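Morning, everyone. Please have a look at the structure on the screen, and then I'll walk you through a few local features.

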Amino acid sequence: MLTNRSKVVVKKQMNFWERIYLPAVLGGVVITIKHLFRRKATVRFPEVKRYISAVWRGQHVLKRDEHGAERCTACGLCAVACPAEAITMTAAERKKGEEGLYREEKYASVYEINMLRCIFCGLCEEACPKEAIFLTDRIESTDYSRQAFIYGKDKLVEAVDNRIDVTKRQTPEVLEFKQQKLLSHNR
């Protein structure tokens, strides 16, 4: 008679087929053969481009205005709005003779985005009152070092001769809002 204090361990005996593992091995071979005849999920990237949605958020870009000056005024709203705290910046005052380089008297002398922390939510884009930062449809680049994923102004600011079109990301309501010249940030 067994009491509650004594425990009896009952081991299940494996039959002959379970001991030689033959059904398990054959099941694995059948699964492998099934996968040989399925459609491949891999895309040959340089030759074939994958379809990307129009609202897909990719690599960041700091925009310039129509005269080629940087739009960013280092207000810090994008850094505050970023839930991953991936954006850091340092503000500086524009010096005499730099009127063509920077749009306002204050500009971001250092602007960095840690792409390893960024979650590509687009809140920085929505928070910017000067429409200085946008997420483009470019695919993010790869690298082997962590330091290469901290993007500075050298990687973020668009070139003057190679402008990036972001008009497809702007809704008709936004474009109508930009036409109101009485608002200070539309001047």
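Start with Y102. At 12% relative accessibility, Y102 counts as buried. Y107 is buried too, at 8%. Keep in mind that this is a predicted model.

Now, how are Y102 and Y107 arranged as an aromatic pair? They are stacked. Their centres are 3.7 Å apart, and the planes make an angle of 10°. Under 30 degrees counts as stacked. Searching the whole structure gives 1 aromatic pair.

Next, the cysteines. How many disulfides does a search of the whole structure find? The count is 0. A disulfide is a covalent bond between the sulfur atoms of two cysteines. The cut-off is 2.5 Å. C121 is in no disulfide either: its nearest cysteine sulfur belongs to C82, 6.0 Å away. As for accessibility, C78 is buried at 8%, while C121 is partly exposed at 24%.

Last topic: the backbone. Most residues other than glycine have a negative phi. Here are two with a positive value. A74 has a phi near 55°. A74 sits in the loop between β1 and α3, and this residue is buried, with a relative accessible area of 7%. F120 also has a positive phi, near 55°. Where is F120? In the loop between β3 and α4. F120 is partly exposed, at 23%.

Definitions and conventions:
Residues numbered from 1 in each chain as written. Predicted model: local features only at pLDDT ≥ 70, side-chain atom pairs only at ≥ 80, totals over all residues. Heavy atoms only, no water. Buried < 20%, exposed > 50% of the residue type's maximum accessible area, 1.4 Å probe, protein only. Phe/Tyr/Trp six-rings, centres within 6.5 Å; stacked < 30°, edge-to-face > 60°. Helix = DSSP H or I, 4+ residues; strand = E, 2+ residues; numbered from the N terminus.
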